[in-house]
Amino acid sequence: MNHWHINEDAFDPTLKKVLSQETVFTIGNGYFCTRGTFEEGYPRNNPATLLYGVFDHIPIAKEELANAPDWTLIQLFLNGERFRLDRGTILDYHRSLDLRQGLLKSNILWRSPAGIEVRVTSERFASLDDEHVGAIHYSATLEQTPQGQPCEVAIIATLNTAEGNYDVMHLETVDQGNTDDLQWLHCETKKTLVQIVMATTFQSETPNFSKELLNSDIAPAIRYNGTLEPGQTFSADKLVVIYTSRDATDDPRTAAIQHLQKLQYDIEFPYDQLLANNREAWSAFWNRADIIIEGDEKAQVGTRYNLYQLRINVSSHDSRYSVAAKGMTGFGYRGHVFHDTEIFMLPFYTFVMPEVARNLLIYRYRLLDAARQKAASNGFQGAQFPWESTLSGEETTPSSIIHPETGEVIPVLNGFIEIHITASIAYATWRYWRVTGDDTFMEKFGAEILLSSALFWVSRVEEDPEKGDYVITDVIGPDEWHEHVNNNTFTNFMARQNIKYGLAALEWLQQHHPEKAEQLAHQLELTEQDLAHWHEVSNKIRLPRDPQTSLFEQFDGFFNLEPLDQSKYHGRKDSYQGLLGVHAIQKYRIIKQADVLMLLTILTEEFDEQTKRVNWNYYYPITDHDYGSSLTPALHAILASELDETQAAYQLLMKGVLVDIENLRGNTPEGIHAASAGAVWQAIIFGFAGLRIKDDQIHINPHLPKRWTRLAFTVQFRGQTTPFDIHS
């Protein structure tokens, strides 16, 4: 049982810990996620319910996922004293996230300042079976009172619109009212005018309690009043149904009300039935996605937690949006989508939930026109995808930010010159096709992505007349601590692959779907002469590599940078960029995250073991594994496993597994590290299991850590379910 639970056995009132645990205890179902705040609230907390693809405009950063009304708020009053954890005395405390059914439970024994002792328990979930539904079962048991006197009890269940993204309020109430014994709230985002409707009930069978509906444009509520004797319990079920104008309905208000009425009146015990249906839906997910690790409880629970995050932060059917860097668990990165999705998360979806992977790639296909406009505005052909995107496909990278470690205002150049995301999307498209064999996708969507992105790279390269090769100048590679670099190895090699993917896709179309091939060639104005040039560019892109040692230079001049004496920074709690500064860091041979090594990992079949070993020996020691990028540790674990560095691989894996559970980087309050969750899956499957595709077949070459006695998992390949069960 413990292998399915994230537990908290003591309350830490430190605000950073409170906010971190709010993220950790997030519930969700892909349609919405709700942070793990307390039902009764807490001073300076960050309650948030974020809905898949519901954005509102903001200055500089363009737009962000808009915080919806807080549907979890339940206030308890005992003889007029409010139950709240920042007052009174906590006598017993336990909170647990049951990953097996996405259920958050709490059990708190509290003594009020006046000496009343009450045990408050709650459980909540976002239904994986019915994505519009959230539910809470809440109870308060009066344990004892001074002189054993009865206690006047009031319980108020609220929908609270007075919640923003920190200090930015995105919602205005359109209307509010009640129908029978349910409350409904209709609001809209201020700029994008997305309609959000919540309908709620709060039902109790506790005798001798009166019920009233409290109307309000800001915080409509349902209130119970009554008296409890010591030993008696008040309990109630709070249900909420959420619809937006993005749903396939002309009237989200009517849809929400009717949906809730159906649950309330057609089911005898709606909460119990909803929970049972939710449990069944989660069971179906875990049958597909679970990874069984025997011999290592911490790795087992942590791995399941990361798989849980990969599920709750993606829609099972909506291709209009993708998975954000922080998912829907916090306000970090504002819900923007990076190449984190394609490089770090998409392999999980491709091998476990291919229908979701397909939708995530169709999201990119939907944004091709915007990518073409971006390329054209920069003077290039084809499609250049934005570094950060939301719904429109326009570049949403802010032009400047306040550095989270130094506090200085710094320009953000990523939206202008971090261009490898285009090749990352092409790589993910090709990889999806290779794993799934989804020819229909390639014909209708994939080939156009590959050809349009390849066309961008052919127009983006420059010919070096002296050396006769092609270069890509003035970029930021995956190692974002070095800006305005030339011939970043990762960027150049991935661009080469992108062009090759485009040529191969066109050749496949010509053989199997000649009309589509002709249509795309005409649309993109591709001539035989153009395609010959594509071949030339792909063969002559500069790849700075020492022919004797096989060592790649990360970019032109990287080997000439100053070495950094890392021993001087023992015990640090910040990244090297935070310690040295945005500009000073650029003169040192220290890197934020896997760059060359990421290339060797994701294109593993392109490189021999000697190349991987020599580059590992050079770049691994100069990477900031602790405070650089959260993407670094788990991804490095794949290459470490392949090179039989199993102990190092395990240590790296656990840094990824625990990054949010233990808030290793101090920024979990901003939301979970979704890309790291995807990298954890890759580290285990591609690293420790050694799964590879060779000759259109799956092979494994296990390298299990010493403590692991068993590793079992299931993948989907070419429409077939393939289980693996590895024993040490």
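Q: How do you know that the length of helix H19 fits its residue count?
A: Helix H19 covers residues 674–688, which is 15 residues. The expected span is 1.5 Å times one less than the number of residues, so it should come to 21 Å, and the end C-alpha atoms are 21 Å apart, which agrees. The helix label itself comes from DSSP runs (H or I, at least four residues; strands are E, at least two), numbered from the N terminus.

Q: What are the ground rules here?
A: This is a predicted model, where local features need pLDDT of at least 70 and side-chain atom pairs count only at pLDDT 80 or more, while totals for chains, interfaces and linings use all residues. Residues are numbered from 1 along each chain as its sequence is written, and side-chain values use heavy atoms, with hydrogens and water left out.

Q: Where does H19 bend?
A: At Gln682, by about 25°; that is the angle between axes fitted to the seven residues ending there and the seven starting there.

Q: Why is H19 called largely enclosed by the rest of the structure?
A: Buried means under 20% relative accessible area, exposed over 50%, partly exposed in between (1.4 Å probe, protein chains only). In H19, 15 of the 15 residues are buried, so the label holds.

Q: Why does Asp695 count as exposed, and why is Asp696 called partly exposed?
A: Asp695 has 76% relative accessibility, so it counts as exposed. Asp696 comes in at 47%, so partly exposed is its label. Asp695 sits in the loop between strand S25 (692–694) and strand S26 (697–699), and Asp696 is found in the loop between S25 and S26 too.

Q: What makes the phi of Asp695 worth a look?
A: Its phi is near 55°, positive in a residue other than glycine; Asp696 has a positive phi as well, near 60°. Most residues other than glycine have a negative phi.

Q: How do you know that S5 and S6 pair?
A: Two strands pair if DSSP finds at least two bridges between them. Strand S5 (residues 55–58) and strand S6 (residues 62–65) have 4 bridges, in the antiparallel sense. One of the links joins Ile58 to its bridge partner Lys62 in S6.

Q: What makes S2 and S4 edge strands?
A: An open sheet of 3 strands runs in the order S2-S3-S4, with antiparallel pairing. Strand S2 (27–28) and strand S4 (49–51) each pair on one side only.
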